[in-house]
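Subject: Structure for your review

Dear colleague,

Please find below the structure that I am handing over to you.

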Amino acid sequence: MAGVVVVGVGPGIGLAVARRFVREGMSAGLVARSEATVKAAAEQLGSADVLPVTADVTDEVGLRSALDRVIEAYGVPEVVVYNAALIQADRVGDLTAEQHRQAWAVNVVGAITTAAHLAPAMAERGSGSFLITGGMPLSKPDYASLSLGKAGIRTLVALLHQQYGAAGVHAASVTVSGGVGPGTGWDPDESHSTTGVSTSRRRLIGSMRSSSDEA
């Protein structure tokens, strides 16, 4: 059955989010660049209905192919979580133009590709949630490329709401304002519970604020 797709799954937020949806009885498509990473995440979820797929979010053809594999297995997802990001310390002037393009490709363009591939079908069905892991509610000069990327996804979420909201697609960014790690204030196995998973399978992320608001 249709479930969640986590693009950029890893041992932190991505895995914790997938685990929560699987706990609700939903399938999970897991996408990561590294085969070792995505297989490890699938193993953590045990015998659940999980499909691990390898794809680089900067490779449009490869990413779309990975999403098609999930659709073939489970149908158009009820929920999409874009969790990929290139996190690196840099200030304005530190990176070349090409390095900025690489960061933007991961932080923003991959999310655009994912939305372009899945949101139209979700809108045609009349339901679905498209969520992007956010951060940097205030820009940080020591993380210039990431600050620009997080500003970009907030704009993307607003655009998705304007384009697909009336058709029943819920778009939101979820701001994580700190370093993620076990035992911290942003423990991934605790943070996922703040998304407010509801009992409705058509709006599992029920307490998210609309479009450009931060949750």
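In this predicted model, Glu24 lies in the loop that links H1 to strand E2 (28–32). The residue is partly exposed, because its relative accessible area is 27%. Gly3 is 21 residues away from Glu24 in sequence, and the C-alpha atoms of the two are 9.7 Å apart in space.

Helix H1 itself (residues 13–23) is largely enclosed by the rest of the structure, since nine of its 11 residues are buried. The buried residues are Ile13, Gly14, Leu15, Ala16, Val17, Ala18, Arg20, Phe21 and Val22.

As to the overall layout, the protein chain contains six helices and seven strands. Their order along the sequence is β-α-β-α-β-α-β-α-β-α-β-α-β. The protein chain has 215 residues, of which 49% count as buried. Of its contacts between residues at least 6 apart in sequence, 67% join residues at least 24 apart.

In soluble globular proteins, nonpolar side chains tend to be buried together. Here the largest nonpolar core comprises 32 residues, and Val7, Val57, Tyr82, Ile132 and Leu160 have the most contacts inside it. At least two residues of this core come from each of strand E1 (4–7), strand E3 (50–54), H3, strand E4 (79–82), H4, strand E5 (128–134), helix H5 (144–164) and strand E6 (169–175). H4 provides the largest share, eight residues. Another core, of 23 residues, lies apart from this one and includes Val6, Val17, Ala32 and Ala42.

Which residues does Val57 contact, leaving aside its neighbours within four places in sequence? They are Val7, Leu63, Tyr82, Ala84, Ala105, Val106 and Gly110.

Two packed helices are described by the angle between their axes and the distance between the axes.

On the H3 side, Glu60, Leu63, Arg64, Leu67, Asp68 and Ile71 make the contact, and they meet Gly110, Thr113, Thr114, Ala116, His117 and Leu118 of H4. Classified by residue type, this contact has five nonpolar, four polar and three charged residues.

H4 contributes His100, Ala103, Trp104, Asn107, Val108, Ala111, Ile112, Ala115, Ala119, Pro120 and Ala123 to the contact, while H5 contributes Ser145, Leu146, Leu148, Gly149, Gly152, Ile153, Leu156, Leu160 and Tyr164. By class, 15 of these residues are nonpolar and five are polar, with no charged residues.

Yours sincerely

Conventions
Residues are numbered from 1 along each chain as its sequence is written. This is a predicted model: local features need pLDDT of at least 70, side-chain atom pairs count only at pLDDT 80 or more; totals for chains, interfaces and linings use all residues. Side-chain values use heavy atoms; hydrogens and water are left out. Contact means heavy atoms within 4.5 Å. Helices (H or I, at least four residues) and strands (E, at least two) are DSSP runs, numbered from the N terminus. Ala, Val, Leu, Ile, Met, Phe, Trp, Tyr, Cys and Pro count as nonpolar, Asp, Glu, Lys and Arg as charged, and the others, Gly among them, as polar. A nonpolar core is a set of buried Ala, Val, Leu, Ile, Met, Phe, Trp, Tyr and Cys residues joined through side-chain atoms within 4.5 Å. Buried means under 20% relative accessible area, exposed over 50%, partly exposed in between (1.4 Å probe, protein chains only).
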